[in-house]
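Morning, everyone. Let me put the chain on the screen, and we'll walk through its strands and domains.

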Amino acid sequence: MTLKKRRQSLILGAGMTGLAAGIASGLPVFEGTNAPGGICASYYIRPGEKERLPNSPEDHEAYRFENGGGHWIFGGEPIILNFINSQTPIKRHIRRSAVYFQDRDLYVPYPIQNHLRFLGPEIAAKALGEMAQQPGGSTMKEWQKESFGATLCELFFFPFHELYTAGLYDRIAPQDGYKSPVDLKLAIRGALDASPPVGYNASFVYPEEDLNLLAQRMARRCQVNYNMPVKHIDAHEKEILFADGTLLPYDQILCTLPLNSTITLSDLRLEPDANPHTSVLVLNIGAVRGEKCPSHHWLYNTKTRPGFHRVGFYSNVDASFLPLSARKDDTRVSIYVEKAYEAGEKPTGKNINQYAAAVVKELQDWEYIGDVEVIDPTWIEVAYTWNWPRSVWTNHAMEALENYGIYQVGRYARWSFQGIADSIRDGFFAGASFCV
Ligand SMILES: Cc1cc2nc3c(=O)[nH]c(=O)nc-3n(C[C@H](O)[C@H](O)[C@H](O)COP(=O)(O)OP(=O)(O)OC[C@H]3O[C@@H](n4cnc5c(N)ncnc54)[C@H](O)[C@@H]3O)c2cc1C
């Protein structure tokens, strides 16, 4: 590829953040893969086949999946939701999620602390006596113990977080307390009767057609250079080397790559130790719907044999995730299953096949699925970002990059938890600040 050798500002990554920044700034976007949308991108696979198709085939006889599992658009400022709706009309859904205790075949609606009556009067009374409203603790595990008490922690919070954080929860700082709020009044209400939905995703929106369309339509409004993975950033010389050998001098970079990757690509050395992340293996499955397949959007799991922590049901949100001929009669289901790994523990192809077989067996034992028509894994290297207690690494890393004109923006770039709508907002904000 021939690029002008004058210094220019540019954007790295064409996920939701980079696309929003590209629209707002008019700057060129450089993307490592051949498609926009990053972790939110969707793809199609015909029953019985393996090939991923970027778009629905003409006869629509294919399952639709997303790279990172179900991406339901939660939260978001009205003006951003209005933008999303203007690109691809959205529909609002009321969350149906629960904790599933497979040993008792029991579904307790999420959040568990507000639905104690499902656990019986004895556990409910014990749990209520143990909950605290102003919890402290320097690790996530301590915070949970103080918030929810020993009974609920032993039953759900500890075994779930053991899987979800790949064992890190007794060492990392507490975060995202708002995801599972402690409100004693609601907990008491839910111990006796129905309680209102709470939390950051009590309702969510999703495009009426396909999340991919949002990324594709945003991409049409900016200049994206695909198949341009960054190999090295020479922060001192202000030059980017791409995998195809293109060397591009830059003025400033708006970077949406994960913070640890940007630091590594730039050869910057930092003290103290980097904050940790966990990777996620997403297994997308299209199958015959089993007799006991629930109608939930997703379930939180504890102590599963293959070690997954969440099972989601794309087609329970929208039947358009199924092949056309299966949309009316409810005979098929499309599912995503998430398992977390500590950084550096990437499974081999053989491990993934063994894991996939174990997941299918577990879901068949639960009678969620019958015969499998499609099974397809995606590895997300930086999925969840965490912090060591009192760590200053994240701020130091971003400051070090800013000294060389590299500005990190978006969820993974800033090492924080956020959803699609907030990633788009931050992309617009950063892009507008770079407007040429
Ligand atoms: C398991 C999981 C589930 C989630 N579920 C939801 C949900 O239900 N709802 C919700 O709102 N949000 C959800 N999120 C969050 C959501 O995915 C993010 O907020 C959003 O996708 C962030 O977009 P981004 O553009 O910042 O990052 P990304 O989508 O990761 O985009 C970064 C882009 O950079 C590219 N790139 C990476 N390295 C290079 C390189 N070296 N050179 C060039 N390009 C490179 C990548 O290919 C990618 O396109 C979830 C996240 C995870 C991990």
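Start with strand E11, residues 230–234, and strand E12, residues 239–242. The two pair in the antiparallel sense, over four bridges. A word on terms: strands are DSSP runs of E, at least two residues, numbered from the N terminus. Two strands count as paired if DSSP finds at least two bridges between them.

This is a predicted model: local features need pLDDT of at least 70, side-chain atom pairs count only at pLDDT 80 or more, and totals for chains, interfaces and linings use all residues. Residues are numbered from 1 along each chain as its sequence is written.

Back to the pair. Val-230 has Phe-242 in E12 as its bridge partner. E11 and E12 make a hairpin, with four residues between them. In that turn, Lys-238 has a positive phi of about 55 degrees.

Next, E12 and strand E13, residues 247–255. Again antiparallel, now over three bridges. Leu-241 stands opposite Leu-247 in E13. Here too we have a hairpin with four residues between the strands. Gly-245 in the turn has a positive phi of about 95 degrees.

Now the open sheet. Three strands, order E5-E9-E6, antiparallel pairing. E5 (73–74) and E6 (90–94) are at the edges with a single partner strand each, so one side of each has no neighbour in the sheet. E5 joins E9, residues 203–207, through two bridges. One of the bridge partners: Ile-73 with Val-205 in E9.

Last, domains. Domain 1 is 8–37 + 210–270 + 391–433, and domain 2 is 97–203. Those bounds come from an automatic or database domain assignment. Taken over C-alpha atoms, the two centres are 36 Å apart.
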